[in-house]
Amino acid sequence: MKPQELFKRMTHHDVKPTRLPREAVRPPAVASILQVRKGGWLKAGLLSAVMLAALVPAPPVMAQGRLDAQYEASLAGILVGRGAWRIDITEDQYAAAAQGGSSGIMKAFSGGSGSGSAAGKVVNGQLQPSGYTATTSTSRKSETIRITLAGGVIKDSSITPEPPPDNDRIPITEAHRRGVVDPMTGSMMRVSGTGDLMSAEVCRTATAIFDGRMRYDLKFDFKRMENVKAEKGYRGPALVCAVYFTPISGYIADRAAIKYLMAQRDMEVWLVPIPGTRVLVPFKMKIPTPLGNAVLEATQFVAAATPRAASKGP
């Protein structure tokens, strides 16, 4: 089955769409949170934090797994959004999809919705993306980002409608378009070897992200272990990693939000495993903002190993 067919099957399952504030799920990753624009601190939103990006070279994935998760986003303790995330990993391909919308007080002020998806192949244990799409819609506008990749190289990318040129943006070079992943794929941390998935060393890594507008690096470091519990599904240990943001290109250097994120030393992500794989994904994330902590946390986190496909006979 082709990655696109796998994604189509996933998104026609039983995940119900919800709505999120404007740009809240534009690309569903920390990547999205870091897509900052004029007139706001973290305009890329909160639910985007679901898919924190972290990529580590890995050996072959030895099994298959699936995740169905529901998240709630809050700002200073006030509910602002809800969303869903689904991941399906087989022996030779993967697909992931997220969607969400505004909730609570935010829905009264800024109704909006967003969705994102990524698909690709599993090659020598690594997730190699082939395509990524993210769409956000509000009463005033809609925007779609599309990225095509091959072997870690951006082959094509577009934003529709096309934004006007901005000479203040640091140009994205051809070198910046190599050795990167899209935000959705980058949200899944692969752990090499056969050792403990929850060791401190797992946090000590970095990843290069291109989100269709900006190229940046995310660096991680170990902070502590904590136990977490979803209302439905996972309960157990979580690996808490610090997150540090470094913009590379495609951004405007004097933006206050960029400077704020670069200076942050208190962003954190809680990672837990998908059974049947050596992949960790975010259960919770916290980003300090001038208005209080932006927190994204799973209320449902149902993850399970899935049966291997039967081997074909000669």
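This is a predicted model: local features need pLDDT of at least 70, side-chain atom pairs count only at pLDDT 80 or more; totals for chains, interfaces and linings use all residues.

Visitor: OK, strand 6 and strand 7: how many residues sit between them in the hairpin?
Guide: Two, and glycine 151 in that turn has a positive phi of about 60 degrees. Strand 6 (residues 142-150) pairs with strand 7 in the antiparallel sense over seven bridges. Alanine 150 stands opposite valine 153 in strand 7.

Visitor: Which peptide bond is cis, with omega near -5 degrees?
Guide: The one from threonine 160 to proline 161. Proline 161 lies in the loop between strand 7 (153-160) and helix 4 (183-186).

Visitor: What's phi at alanine 76?
Guide: Near 55 degrees, a positive value in a residue other than glycine. Alanine 76 is in the loop between strand 1 (65-75) and strand 2 (78-89).

Visitor: Why does alanine 76 count as partly exposed?
Guide: Because its relative accessibility is 48%. Buried means under 20% relative accessible area, exposed over 50%, and partly exposed in between (1.4 Å probe, protein chains only).

Visitor: Switching topic: how many disulfides does the structure hold?
Guide: One, counting a pair of cysteine sulfur atoms within 2.5 Å as a disulfide. Cysteine 203 and cysteine 241 form it, with their sulfur atoms 1.9 Å apart.

Visitor: Left-handed or right-handed?
Guide: Left-handed, because the torsion about the S-S bond of cysteine 203 and cysteine 241 is about -70 degrees. Cysteine 203 lies in the loop between strand 8 (189-190) and strand 9 (206-210) and cysteine 241 in strand 12 (residues 235-249), so the pair ties together parts 38 residues apart in sequence.

Visitor: Are those two cysteines buried or exposed?
Guide: Cysteine 203 and cysteine 241 are both buried.

Visitor: And which residues touch the most other members of the largest nonpolar core?
Guide: Of its 40 residues, Leu67, Trp85, Ile87, Met188, Val281, Phe283 and Phe301 do. A nonpolar core is a set of buried Ala, Val, Leu, Ile, Met, Phe, Trp, Tyr and Cys residues joined through side-chain atoms within 4.5 Å. Apart from it lies another core, of 26 residues, including Cys203 and Phe220.

Terms used
Residues are numbered from 1 along each chain as its sequence is written. Side-chain values use heavy atoms; hydrogens and water are left out. Helices (H or I, at least four residues) and strands (E, at least two) are DSSP runs, numbered from the N terminus. Two strands pair if DSSP finds at least two bridges between them.
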